[in-house]
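Work through the exercises below with the sequence and the structure side by side. Try each task before you read its solution.

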Amino acid sequence: MFKYMKYEFKGTYKFMGLLILFVLGASTGIQLYANNIVKQFQSGFGAGVDSMGRIPNFLVVLLVLAIFGAFVTALFYIIGLFRKELYEDRGYLTFSLPLTGNQILGAKTLTALIWAAILGFSALFYNLGLGSILFGAKWLEGLKYLLNYTPINIIVTLSFSAVLSSVITLLLIYFSITLSRVSIKNKKIGGLWFIIFLIINSLVGYLTVKVSSIFPYYIDLSTLKIIAFKGMGNFEMYVMSMGTNSGLFIAGNNNILINIGSFIFSILVAVGTFLGTSYLMERKIDL
């Protein structure tokens, strides 16, 4: 499997590398604009940004949209690679390898997640480094204040929820693409995979919220105690829209509660989708 992952990286590093450089370049433009605004405040609102030959306001908006577009492009690129395995000739080579469906799907999922992490962390650490150079100690003090203000358990929980969300979203997309390739009474669904994904995604999200209402038991990450929570009280309720599933948790008063039922259900969805996609790839697809 790891040899296949190495092959996947060789086939994608050029495009993803250019995408990362594009994001870093756009981030540089935004930070230079922010730095210029700070200088204007310090100089008592001197010449405008445009008149100083700096980055115009509308261009900054375009740069922000470009960064968002780059992440969307990365997602569709990863999806496109999987789709090519099932709809184009390269699939004959892939499925002739001595690999099981689990190994092929696992390699593609891990490769996609690694690239997503590289893209995200490259943008994060680059901006942290550039910000410390342009803004100096004030930038670092602001980040330190933000980290001290936000409890570590909330940061860890949100990060884990984001990762779990990404995995489930990606697996449901893979499952939808694979299902669209399966013949049903000698008919193939074909390009309707996105419709399949929307239906399954909505169903999973509904069931996740439903499970949390049926089993209103939460674990408090501050004390690791199980709480039966049936009222709002002094807490605020948030529904994490995780692309494909909704992980229900309650946050407030510097602590966070995770619904045990919806969490277990999300894990089961991830495992079940992975196994189901692998089974379809091995047994039900006729290239």
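**Exercise 1. Are Lys108 and Glu85 buried or exposed, and which kind of contact joins their side chains?**

Solution. This is a predicted model.
Step 1. Take the accessibility of the two residues. Lys108 and Glu85 are both buried. For Lys108 the relative accessible area is 3%. The cut-off for buried is under 20%, so Lys108 counts as buried.
Step 2. Look at the side chains. Lys108 and Glu85 form a salt bridge, at 3.1 Å from N to O.

**Exercise 2. How many salt bridges does the structure hold, and which residues do they join into one network?**

Solution. 
Step 1. Count them. There are 2 salt bridges in the structure.
Step 2. Find the partner of Glu8. The side chain of Glu8 meets that of Lys108 in a salt bridge, again 3.1 Å from N to O.
Step 3. Locate this pair. Glu8 belongs to helix 1 and Lys108 to helix 4. They lie 100 residues apart, so distant parts of the chain are linked.
Step 4. Check burial. Glu8 has 6% relative accessibility, so Glu8 counts as buried.
Step 5. Join the pairs. Through shared partners, the salt bridges connect Glu8, Glu85 and Lys108 in one network.

**Exercise 3. Which residues line the second largest cavity, and how do they divide by class?**

Solution. 
Step 1. Begin with the count. The structure has 2 cavities of 30 Å³ or more.
Step 2. Read its lining. The lining residues are Glu8, Thr12, Tyr77, Ile78, Leu81, Phe82, Lys108, Thr111, Ala112, Trp115 and Tyr174.
Step 3. Assign them to elements. Two or more lining residues come from each of helix 1 (2-42), helix 2 (57-87) and helix 4 (101-135).
Step 4. Sort by class. The lining holds 7 nonpolar, 2 polar and 2 charged residues.
Step 5. Lys6 is in helix 1. Its relative accessible area is 53%, and Lys6 is exposed.

**Exercise 4. How much space lies in the largest pocket, and which helices supply at least two residues of its lining?**

Solution. 
Step 1. Take the volume. The largest pocket holds about 840 Å³ of space.
Step 2. Find its centre. Among the 24 lining residues, Leu75, Leu113, Ala116, Ala117 and Ser166 are the closest to the centre.
Step 3. Name the helices. Helix 2, helix 4, helix 6 (152-181) and helix 7 (193-214) each give at least two residues to the lining.
Step 4. Sort by class. The lining has 20 nonpolar residues, 4 polar and no charged.

**Exercise 5. How far does helix 8 reach, and which of its residues are buried?**

Solution. 
Step 1. Take the span. Helix 8 covers residues 260-284, 25 residues in total. From first C-alpha to last it reaches 35 Å, close to the 36 Å expected at 1.5 Å a residue.
Step 2. Inspect the start. There, a side-chain oxygen of Asn259 comes within 3.1 Å of the backbone nitrogen of Gly261.
Step 3. List the buried residues. They are Gly261, Ser262, Ser266, Val269, Ala270, Thr273, Thr277, Ser278, Leu280 and Met281.

Key
Residues numbered from 1 in each chain as written. Predicted model: local features only at pLDDT ≥ 70, side-chain atom pairs only at ≥ 80, totals over all residues. Heavy atoms only, no water. Helix = DSSP H or I, 4+ residues; strand = E, 2+ residues; numbered from the N terminus. Expected span 1.5 Å × (residues − 1). Buried < 20%, exposed > 50% of the residue type's maximum accessible area, 1.4 Å probe, protein only. Polar contact = N/O pair within 3.5 Å; in protein donor to acceptor, adjacent residues only side chain to side chain. 1 Å grid on protein atoms, 1.4 Å probe; cavity = no way out; pocket = protein on both sides within 12 Å on 5 of 7 lines; lining within 4 Å. Points joined across faces, edges and corners; volume = space filled by probe spheres on them. Nonpolar A, V, L, I, M, F, W, Y, C, P; charged D, E, K, R; others polar. Salt bridge = Lys/Arg side-chain N within 4 Å of Asp/Glu carboxyl O.
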